[in-house]
Amino acid sequence: MPKNSKVTQREQSHEHVTESVADLLAHEEPLDYKNSSLNVGGAAGKKVPQIEVPENDGRPAWNSKLQYILAQVGFSVGLGNVWRFPYLCQKNGGGAYLVPYFILLIIIGIPLFFLELAVGQKIRRGSIGVWNYVCPRLGGIGMSSLMVCGFVGLYYNVIIGWSIFYFFQSFQYPLPWSDCPIRKNGTLAIVEPECDKSSATTYFWYRQTLNTTSTIAESGGLNVKMTLSLLVAWIIVCLAVIKGIASSGKVMYFSSLFPYVVLFCFLVRGLMLKGSVDGIAHMFTPKLEKMLEPQVWREAATQVFFALGLGFGGVIAFSSYNKIDNNCHFDAVLVSFINFFTSILATLVVFAVLGFKANIMNEKCVVENAEKILGYLNSNVLSHDLIPPHVNFSHLTTSDYAEMYGVIKTVKEDGFAQLGLEPCVLVDELNKAVQGTGLAFIAFTEAMTHFPASPFWSVMFFFMLINLGLGSMIGTMTGITTPVLDAYKVQKELFTVCCCIVAFFCGLLFVQRSGNYFVTMFDDYSAGLPLTVVVILENVSVAWIYGTKRFMQDLEDMLGFRPCIIYFYLWKYVSPLCLIVLISATVIEMAISPPGYNAWVQELAQERFQSYPPWALAMCFALIIVAMLPLPVVFIARHFNLMSDGSNKLSVSYRKTMMKDMSNLEEQDEARFILGAKPGEAPIAPARRPYLTPGGNKPMDPNSLSPNSCYGTSYQNAAISPTTPSTPDTPVTPESDS
């Protein structure tokens with residue numbers, strides 16, 4: 001025991017003392033740190049000095065604030081910003097969709113993002129350690145987050161593998177997906193029928209890249225090219241996260257910033273293309289009636305929810321490496337708005353390029369149908385009198401064709417269907433909504449084949465996708481490794497390598513010829529509902545179990561200012577209500593929508609919806625159950641004392657901090673607490689610290705901080721009950737230094 005400790009001094013003075021539990025556990029004099037936000041008592045009527053986690057507690061830290069912000073941005077800004085948000089924007093009313101999205105970002109996204117940042121930064125643990133501390137019975141929240149991160153990481157890295165394959169294929173001119181392959185049949189050379197029925201980019205994706213089967217039941221064996229691409233993807237991820245934030249933080253400087261360079265380059269290039277303005281105008285033309293549809297608000301809430309990475313554990317893990325007094329409120333607002341404006345930027349780029357593609361396809365449609373009309377004119381099926389005199393077939397415009405089409409349709413009303421003419425309307429091309437892999441690997445690649453210097457733009461595009469995916473994968477892997485490394489004494493590098501090796505072999509499920517269908521399955525079922533349940537439990541455990549008043553006071557202690565009072569009501573009422581509605585809508589949607597997938601039928605050269613076979617349907621529900629299973633298991637186990645509350649999994653430095661939190665009172669109050677008024681008197685417990693209500697100085701009910709409450713059970717018992725029973729006349733003998 002340190003020579004200058006209070007207990008040692010009292011031993012030398014031969015005084016009868018009742019030693020505090022804090023000194024027994026900490027074995028050192030409490031230092032003068034800032035006040036901990038998670039304390040259980042304070043001096044009555046006096047300002048309690050603040051406690052902060054020591055900077056030399058051995059936990060890694062970010063090299064700079066910029067590195068941390070880039071890590072959070074890299075995790076939240078991912079592939080969904082590029083291929084999910086534009087699709088939802090087009091589907092749900094164009095510019096009108098931005099209104100519900102922005103409203104829900106304010107009332108759900110930012111508050112819950114702020115909550116995760118705050119608890120991670122204060123408790124300085126990964127997701128498992130954080131929720132074990134806030135409410136041990138709900139400690140399964142962290143374990144469910146880890147399970148979801150595992151499922152998502154398995155298939156998300158497959159998408160990075162696809163991007164890597166396309167990246168290397170882009171170093172060719174012309175691009176390999178620009179034309180259909182030619183099949184030689186003796187002396188004849190014919191276009192591949194499957195490609196001719198679809199398109200060159202579609203054929204390259206389904207046949208030459210995935211070589212997909214027609215059903216999920218047909219495995220088809222491993223796809224060697226995709227297996228090698230997946231291996232490269234996991235090697236890159238492993239190298240990026242092997243040393244924790246020491247390596248991933250440096251990677252973020254490039255992986256987070258480079259996509260913005262590419263997006264701005266594509267935006268400038270796209271605006272110079274013919275028809276780009278048509279695409280942007282179509283995108284942002286508001287359909288205000290859509291705002292009245294509940295489905296639009298549900299999809300906006302889901303997109304806000306996943307765009308910020310809530311519930312994955314990556315947000316908490318990244319913030320746990322911050323200094324205790326970092327302004328996480330500023331971080332939450334900044335990262336949320338960067339994410340929002342990135343989605344807007346990506347949408348501008350996507351629809352500028354798709355507007356160009358729509359014009360190309362519309363002009364192609366006009367040319368093909370004009371040739372049909374010429375054939376009908378030459379064979380006297382149509383009369384030359386039906387053609388307006390100003391129409392010139394050698395320089396036919398879309399407006400001229402539309403006029404000619406209208407005349408023919410009016411005159412040949414009965415037999416018009418047999419002519420097989422198409423209207424060739426630009427809006428119809430723009431309304432062909434594509435999302436996900438269809439947007440990135442089919443629509444966008446087809447548009448780039450018409451770019452000057454197309455290989456350069458293709459290389460840039462897929463390198464951007466790799467970096468976007470890598471930033472999200474680093475956050476996902478951190479959400480897995482940080483909680484485990486906090487809880488167990490394992491070597492960081494060895495554990496990371498083992499995780500990547502196991503993940504690669506599990507990922508072989510997605511690189512067989514039917515693997516694309518399993519990617520869809522995991523995307524639909526492994527994350528959606530489980531993550532929504534995780535986030536609402538996070539919200540409830542902080543706002544209703546730990547206490548919103550207490551949490552607001554914690555934030556004031558940690559940040560140095562009291563957050564806006566609106567957060568109190570958002571955390572307490574608005575966010576839980578919105579999340580309950582979202583969960584209900586998700587369950588209803590899953591119940592009424594037939595579970596299935598879009599299969600590529602080779603004979604038809606197009607996608608067809610197919611229902612999952614019974615074994616695949618069982619697999620879908622197993623993903624949901626396995627991801628959510630830790631929640632009831634941990635609750636029941638800790639309710640019946642079958643499992644430790646997790647306190648032994650906290651680091652030594654953090655347990656020291658908690659003990660300092662309870663013992664670092666002002667000098668006279670500490671002496672009175674330890675010794676009492678006379679040597680034989682029982683200790684006098686200090687008055688509870690008043691936790692203020694949002695609107696005034698009304699103290700929080702002391703009963704809410706009883707040792708039997710859900711949060712911090714073992715720690716408060718340690719602070720309130722001495723480890724050795726004693727009578728008032730018999731002093732407790734201090735423990736020896738040994």
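Is Glu299 buried or exposed, and what is its relative accessible area? In this predicted model Glu299 is buried, with a relative accessible area of 7%, where buried stands for under 20% relative accessible area, exposed for over 50% and partly exposed for what lies in between, computed with a 1.4 Å probe on protein chains only. Residues are numbered from 1 along each chain as its sequence is written, and side-chain values use heavy atoms, with hydrogens and water left out. Because the model is predicted, local features need pLDDT of at least 70 and side-chain atom pairs count only at pLDDT 80 or more, whereas totals for chains, interfaces and linings use all residues.

The side chain of Glu299 meets that of Lys91 in a salt bridge, at 2.9 Å from N to O, a salt bridge being a side-chain nitrogen of Lys or Arg within 4 Å of a carboxyl oxygen of Asp or Glu. Glu299 belongs to helix H15 (residues 294-307) and Lys91 to helix H5 (residues 85-91), so the pair ties together parts that are 208 residues apart in sequence; helices here are DSSP runs of H or I with at least four residues, numbered from the N terminus. Lys91, for its part, is partly exposed, with a relative accessible area of 33%.

The structure holds eight salt bridges, and another one of them joins the side chains of Arg125 and Asp486 at 3.7 Å from N to O. This pair links distant parts of the chain, 361 residues apart, with Arg125 in the loop between helix H6 (98-123) and helix H7 (127-134) and Asp486 in helix H22 (residues 454-487). Both Arg125 and Asp486 are buried.

Terms used:
Helix = DSSP H or I, 4+ residues; strand = E, 2+ residues; numbered from the N terminus.
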